[in-house]
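Open the model in your viewer and keep the sequence panel beside it. The stops below say what to select and what is there.

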Amino acid sequence: MRSPPPDAARRRPLRRRFLAAFTTIGFLASFAASLCMTLAWAAHAQRQRAADLARISETLQAVTFPLSRPVLSQMQGLTGAEFVTINREGMFLDSTRNLSPTEWRILSAFLSEPQSSSGNTGVVLADGRYCVKIVPIKTPSNVAADRATRTMVLVPEVSWRQEFRRTLHLASLASLAATLLSAATAVWLSRRIGLPLQKLAGQTAAAARDPALSVDVPQTHDELRDLAVAVEELLRERRSYELSLRDEERRRSIQQLAFGLAHQLRNYATAARMALELHIAECHAVPAPEELRVVFRQIGLMENLLRQFLSLEASPADSPGGADLVFTIEETAELSGPAFRHAGVTLHLDLPKRQVWLRTGDSALRQLVSNLLNNALEAARESPDEKAVSVTLRLDDDTASGRLEVVDSGPGPPQSVRDKLFCMAVTTKADGCGLGLLVASRIADRLGGRLTWERRLHRTVFAFEFPWAGTEGIGGDGTCTDRG
């Protein structure tokens, strides 16, 4: 049962799946990495400023010279911080920054707070927030009032959010670049996989409609090649199955036709035999003439063969009994005598005076000999000169083999069919079917022998070579006995 076609609106091609997956993964991965990097950099920047402030404080604590305006300006240029000096009475002496009255009040208020000297705190001035630390300076206890005893260090404080935004901007650009790269990789990979799959699907559909077609196997050694090989193997098995199914259907049809024809032929043969018996009885022809006896025997052989065919018995060539080759040749020659006399062809037999038993049924052996004699008769009757057929049987006790030769004086088979005489449907007669020599050759093969042919002294020779065990006894075991 074929599955219904999928809904086109619900179709999700591999290209879209790859693109969505790679883009999402790439964006999330790059965003997470950028966020972590931004947070780490912002924290690092905060720690760096705290460390710079501590380093400035340590430097100021070790100063032994007066902190004049030029000295403070140089320190500002080196560190980027602002400096304000304070005397022992808590008055502001000098500053690297032009402080407004409001800023002076802010710093004064900060200086008066108890926690101002304990650590790092911050103040907000006109241009932003500053991290403030008051650093004491080593001075004599009787220092003058115009001499600085403490220094207020103001380091511009960039907020964590400002640092995060500044770092996140760069990280976002890197994340966007990574996302675009992931999307490009997804498109390339989907085309790399999707296009061959589409091609394979199209070839598979075409091969399903036409068994003669096949699929292309990629040269790359990957899963796609394995899939193509599996599809090709499946198509090959399907073609083999269809051929075997077609052959089986043809065989059954031929068998049914053959059964019908055999049944009709048996009925006709039975009717002919009964009519012939009635004719002989009415004419009081007892004993019957030789020609009528030949007809009786031919009809009996035909009925026996048709009876075996219709009862589905084993092939005569495979029956456990034996057959005398000499007797079979003589009997077949006697039955074929009227046909030879009618065609004006002389038949000469040169046979040994003993029995030659072969392991086969008499019907198969008679069919082999009959096909060879009929073939020789048809060839000899076309000879413009002498029309003769000779049958010779020779036995070799040393090699335990025999050779039956049927020689005719005909012109021989045409050159166009000489290489395929024992093939199906090869015939030189207008009304022939090309099965006589084929059947004879197959019977010879089943008997363990072979059937060959040659042209010898302007004559055609068909030879049946067969093995036999000359002294093992009498019966169906391939032995020879004297005929007496």
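Select Leu457 to begin: at 75% relative accessibility, Leu457 counts as exposed (exposed means over 50% relative accessible area, buried under 20%, partly exposed in between, with a 1.4 Å probe and protein chains only). Leu457 is found in the loop between β11 (450–456) and β12 (459–467). Helices (H or I, at least four residues) and strands (E, at least two) are DSSP runs, numbered from the N terminus. The phi of Leu457 is near 55°, a positive value in a residue other than glycine.

This is a predicted model, in which local features need pLDDT of at least 70 and side-chain atom pairs count only at pLDDT 80 or more, while totals for chains, interfaces and linings use all residues. Residues are numbered from 1 along each chain as its sequence is written, and side-chain values use heavy atoms, with hydrogens and water left out.

**Strands β11 and β12**

Next, select Glu465 and Arg450. They form a salt bridge, with the closest N and O atoms 2.9 Å apart; the term covers a side-chain nitrogen of Lys or Arg within 4 Å of a carboxyl oxygen of Asp or Glu. Glu465 lies in strand β12 and Arg450 in strand β11, so this pair ties together parts that are 15 residues apart in sequence. Glu465 is partly exposed, at a relative accessible area of 22%, and Arg450 is partly exposed too, at 46%.

A search of the whole structure finds 19 salt bridges.

Move to β9 (residues 388–396) and β10 (residues 401–408). The two strands run antiparallel and are joined by 8 bridges; strands count as paired if DSSP finds at least two bridges between them. Leu395 stands opposite Gly402 in β10. Which residue in the turn of this hairpin has a positive phi? Select Ala400: its phi is near 50°, in a residue other than glycine. The hairpin has 4 residues between β9 and β10. Ala400 counts as partly exposed, at 30% relative accessibility.

Now bring in β7 (residues 346–350), which pairs with β9 in the parallel sense over 5 bridges. To see one of the positions, select His348, whose bridge partner in β9 is Ser390.

**Helix α7**

Select residues 325–335, which make up helix α7. Of the 11 residues of α7, 8 are buried, so the helix is largely enclosed by the rest of the structure. Among the buried residues are Leu325, Val326, Ile329 and Leu335. At the start of α7, a side-chain oxygen of Asp324 reaches to within 3.2 Å of the backbone nitrogen of Val326.

Is Glu331 buried or exposed? Glu331 counts as buried, at 11% relative accessibility. Apart from neighbours within four places in sequence, Glu331 is in contact with Arg297 and Arg366 (contact means heavy atoms within 4.5 Å). The side chains of Glu331 and Arg366 are joined by a polar contact of 3.3 Å. A polar contact is a pair of N or O atoms within 3.5 Å; within protein, one must be able to donate a hydrogen and the other to accept it, and residues adjacent in sequence count only if both atoms are side-chain atoms.

**Helix α5**

Go to helix α5 (residues 223–283), where Leu261 is placed. Select Glu232 and Arg236, which form a salt bridge with the closest N and O atoms 3.9 Å apart. Being 4 residues apart in α5, Glu232 and Arg236 are separated by about one helical turn. Glu232 counts as buried at 12% relative accessibility, whereas Arg236 is partly exposed at 40%.

Then select Arg252 and Glu248, whose side chains meet in a salt bridge (3.1 Å, N to O). Arg252 is partly exposed, with a relative accessible area of 42%, and Glu248 is partly exposed at 26%.

**The loop at Met91**

Finish at Met91, in the loop between β1 (82–86) and β2 (92–95). Met91 counts as partly exposed, at 49% relative accessibility. Leaving aside neighbours within four places in sequence, Met91 is in contact with Thr85 and Ile86. Show Ala148 as well: Met91 and Ala148 are 57 residues apart in sequence and 9.2 Å apart in space, C-alpha to C-alpha.
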